[in-house]
Amino acid sequence: MKKFSRRLLLNRTSGFTLIELVMAIVVVAIVAVPLSLTVSQYIVSAFALEDSVLAVNLARLEMERVNALSFTGISSASTANYESSGYDMVRTVTYAAGSALSAESLKQISVEIRKSGQPDSLVTLITYRANSLSYGI
């Protein structure tokens, strides 16, 4: 009889109870939920950063193109799907000083990049271009 009771006692203590299993699941869930939220937030911010970087690079490209133009050749323009990128470009040119007729005029050039079909601009770059500069003593 003693051998039989020892076997029963050994079998009872060698496994997990249902309460231990439930507690282990609860502890894993407590750790997994914040971790999964952090990973999902990281993924969202990575996509947003990718949009921002691409928009800045497209705006810089357009500014380089504007710098290569002559003063009289700079005008407002709008391009959908700029460089086949899925972004729209809007270039706005206004006179900050003077006019088209004055020799010493100043143009303000603004380049906006938007995601195609979206009203909000992701990035806006502004520069100024002078018709003629004269330096005095």
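The legends below describe close-up views of a predicted model.

Residues are numbered from 1 along each chain as its sequence is written. Because the model is predicted, local features need pLDDT of at least 70 and side-chain atom pairs count only at pLDDT 80 or more, while totals for chains, interfaces and linings use all residues; side-chain values use heavy atoms, with hydrogens and water left out.

**View 1. The chain and its elements.**
The chain holds two helices and four strands. Helices (H or I, at least four residues) and strands (E, at least two) are DSSP runs, numbered from the N terminus. From that terminus on, the order is α-α-β-β-β-β. The chain has 137 residues, and 16% of them count as buried. Buried means under 20% relative accessible area, exposed means over 50%, and partly exposed lies in between (1.4 Å probe, protein chains only). Among contacts between residues at least 6 apart in sequence, 46% join residues at least 24 apart. A contact means heavy atoms within 4.5 Å.

**View 2. Confidence along the chain.**
The average pLDDT of the chain is 87, and 86% of the residues score at least 70. pLDDT is the predictor's confidence in each residue, from 0 to 100. Where pLDDT is low, the predicted coordinates should not be read in detail.

**View 3. The paired strands.**
Strand β1 (residues 77-79) is joined to β2 by three bridges, and the two run antiparallel. Two strands pair if DSSP finds at least two bridges between them. Ten bridges join β2 to strand β3 (residues 106-115), again in an antiparallel arrangement. Strand β3 also runs antiparallel to strand β4 (residues 121-130), with nine bridges between them. V90 can be followed across two of these pairings: S78 stands opposite V90 in β2, and the bridge partner of V90 in β3 is E112. Elsewhere, D88 has R114 in β3 as its bridge partner.

**View 4. The hairpin of β3 and β4.**
β3 and β4 form a hairpin, with five residues between them. In the turn, G117 has a positive phi of about 85°. Along the paired strands, Q108 has Y128 in β4 as its bridge partner.

**View 5. R91 in strand β2.**
R91 is found in strand β2, which covers residues 87-97. Its relative accessibility is 11%, so R91 counts as buried. The side chains of R91 and E62 are joined by a polar contact of 2.5 Å. A polar contact is a pair of N or O atoms within 3.5 Å; within protein, one must be able to donate a hydrogen and the other to accept it, and residues adjacent in sequence count only if both atoms are side-chain atoms. Leaving aside neighbours within four places in sequence, R91 is in contact with E62, V66, L69, S75, S76, A77, I109, S110 and V111.

**View 6. T92 in strand β2.**
T92 also has its place in strand β2. T92 counts as partly exposed because its relative accessibility is 35%. T92 and Q108 are 16 residues apart in sequence, and their C-alpha atoms are 8.0 Å apart in space. Leaving aside neighbours within four places in sequence, T92 is in contact with S76, Q108, I109 and S110.

N81 has a positive phi of about 50° although it is not a glycine. E83, also not a glycine, has a positive phi of about 55°. Most residues other than glycine have a negative phi. N81 has 40% relative accessibility and therefore counts as partly exposed; at 45%, E83 counts as partly exposed as well.

**View 7. Y128 in strand β4.**
Y128 lies in strand β4. With a relative accessibility of 48%, Y128 counts as partly exposed. Y128 and I109 are 19 residues apart in sequence, and the distance between their C-alpha atoms is 5.9 Å. Not counting residues up to four places away in sequence, Y128 touches A96, L106, K107 and Q108.

**View 8. A charge over a ring.**
The charged end of K107 sits over the ring of F71, 4.6 Å from its centre. A charge sits over a ring if NZ of Lys or CZ of Arg is within 6 Å of the ring centre and within 35 degrees of the ring normal.
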